Amino acid sequence: MATPGQLQMFNKMEQSEMFGLDQRAMNPVTGKIERVQIHPDGKVPDAVVFHIWLEDHTLGNSIRMELLRNENVLFAGYKVPHPLNNMIELRVQTLPRCTPEEAVRLAVRNLKAECSSMLDQFDEGVAKLQAEAAAKELPPAGHAPLRDGGAARASPAAAVVGAEERLAAGLGEMDDARLEADEEDGEESPSPEFSPEA
């Protein structure tokens, strides 16, 4: 008799089943394994059911929302038929002047543009934040000249590197001053390998 732990091992999916296309993704019409399958809906005019493999709610809800913005789309909905099959069923019904395939292609194009715009805005925000952080690390004007003769830095990354160099130089000057003070007092600084116990 199998223990409960052993039974779980039999029900566990392999990685190739979760993230790879197998016989479950075979299109019954063409007999080929396809990631996106198009099945016309015989009950409703101008309606199509898309079976999209290796996708989940992330893409399903995004495409559904983008399709609903289109005035030619009468209905757009999706479902995940079974949680162990990484597949969504996207059902789209359009007006006769537009096909469901055209509506989905337009929705995908719009989503690509939105994602690209979000990435650009994110990159601009990160660059602005880095520039502000670098400006906070620079000393106030008039206290310490920049090493390159006062010229402005080319990028925020260069400003950060310059601040790190100044910090290292300042720590080196403090170490030199401490050594000079020890020599004036007649004390020898202990070697790094040996430190007396307190």
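**A walk from the pocket to the core**

By class, the lining of the largest pocket holds 9 nonpolar, no polar and 4 charged residues. This is a predicted model, in which local features need pLDDT of at least 70 and side-chain atom pairs count only at pLDDT 80 or more, while totals for linings use all residues. Residues are numbered from 1 along each chain as its sequence is written.

Begin with the pocket itself (an open set of points on a 1 Å grid, where a 1.4 Å probe fits, with protein on both sides within 12 Å along at least five of seven lines; lining residues have an atom within 4 Å of a point), which holds about 320 Å³ of space. Select Val-36, Phe-50, Val-104, Arg-105 and Val-108, which are the closest to its centre among the 13 lining residues.

Then colour Phe-50, Leu-67, Val-73, Leu-90, Val-92 and Val-104, which touch the most other members of the 15-residue largest nonpolar core (buried Ala, Val, Leu, Ile, Met, Phe, Trp, Tyr and Cys joined through side-chain atoms within 4.5 Å; buried means under 20% relative accessible area with a 1.4 Å probe, protein chains only). The largest share of this core, 4 residues, comes from H4.

Finish at Leu-90, whose contacts (heavy atoms within 4.5 Å), leaving aside neighbours within four places in sequence, include Phe-50, Leu-67 and Val-104.

Methods: Heavy atoms only, no water. Points joined across faces, edges and corners; volume = space filled by probe spheres on them. Nonpolar A, V, L, I, M, F, W, Y, C, P; charged D, E, K, R; others polar. Buried < 20%, exposed > 50% of the residue type's maximum accessible area, 1.4 Å probe, protein only. Helix = DSSP H or I, 4+ residues; strand = E, 2+ residues; numbered from the N terminus.
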